Amino acid sequence: MSRPDQSMSLLTDVQENALEPEYRSAGARGKTSPLVMGATLALLAALIAVAVISTTRSSEEVDRERQELLERITATSERMEAQEAEAAELETEIRELGAAQVNDPSLTAARNALEPVVGAVPVTGPGIIVEANDAPDTPDTEGMVFDSDLSRLVNGLRQAGAEAIAINGRRITALTPIRTAGSAITVDYVSLAPPYRVEAIGNPATMPARFARTGAAAWWKYISDNFGIEFSMREADGQLSLAADPSMQLRTAQKTTGE
């Protein structure tokens, strides 16, 4: 019969020697030395530093490219404005030279009456101002002003008695296209950005009421009520001054000789 202390000794040996010697030695080897830990942390820090430097350089490059693009856009806009001013001066000179060649007073009077209507000359007079803008924080295109909306507005103002119209300073004539190019609306092939300021020269006392009876007014009320598009109309403070259409030019001419 075994002694109780012998049984306890056997249990103690089983507990202490439950793992093979190889496992016990592997566990001892698994302990990371301070040198290896330090090298790992240094490598990690170097990788993070490289990532930060790369991100910073990329951000600086993007900012530089954006600034260069803005400078190019500004320079191009200034050059276009200078060319438009020069073109307007040349058009004025051409018109004066043409007038000098017309000796018939009736033809001169007819030309003087038609030029403001077709947008060939600047005009000044009383009128109204319409302001339209996309819906604030619109999640989709339904809350945006479309080219067709502006076309309806221009036609409605003409029905209301407008004698001359301009959108964001661009004179509107019978030959002026209002189109969409990408995400922008173009008037006479020039991109415009909202809000849209529509100036209409005419009788400010009668135009709002006459416009309210047009289909354009009903359409704008519909898109304003249902999609949040902003629309307002008011009488202009003082006189409106609308520039001539820079694209208006002489396309055909006929020389007549008297008998």
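Analyst: In this predicted model, the contact joins D149, L150, R152, L153 and G156 of α5 to A216, W219, W220 and I223 of α7.

User: What is the split into nonpolar, polar and charged residues in the contact of α5 with α7?

Analyst: The contact residues comprise 6 nonpolar, 1 polar and 2 charged.

User: And at what angle do α5 and α7 pack?

Analyst: The angle is about 145 degrees, and the axes of α5 and α7 lie 8 Å apart. The crossing of the two helices is left-handed.

User: Turning to α7 itself, which of its residues are buried?

Analyst: The buried residues of α7 are A216, A217, W220 and I223. Viewed down the helix axis, the buried residues of α7 fall within an arc of 135 degrees, so they line one face.

User: Which residues are exposed on the other side of α7?

Analyst: G215, K221 and D225 are exposed there.

User: What covers the buried residues of α7?

Analyst: The cover includes strands β2 (127-133) and β9 (230-235), together with helices α5 (147-159) and α6 (207-212).

User: What follows α7?

Analyst: G228 comes after α7, and the phi of G228 is positive, near 75 degrees.

Conventions
Residues are numbered from 1 along each chain as its sequence is written. This is a predicted model: local features need pLDDT of at least 70, side-chain atom pairs count only at pLDDT 80 or more; totals for chains, interfaces and linings use all residues. Side-chain values use heavy atoms; hydrogens and water are left out. Buried means under 20% relative accessible area, exposed over 50%, partly exposed in between (1.4 Å probe, protein chains only). Helices (H or I, at least four residues) and strands (E, at least two) are DSSP runs, numbered from the N terminus. The arc is that of the directions from the helix axis to the C-beta atoms. Contact means heavy atoms within 4.5 Å. Axes are lines fitted to C-alpha atoms, for helices over the stretch in contact, and angles run from 0 to 180 degrees between N-to-C directions. A crossing is left-handed if the near helix is turned anticlockwise from the far one by less than a right angle, and right-handed if clockwise. Ala, Val, Leu, Ile, Met, Phe, Trp, Tyr, Cys and Pro count as nonpolar, Asp, Glu, Lys and Arg as charged, and the others, Gly among them, as polar.
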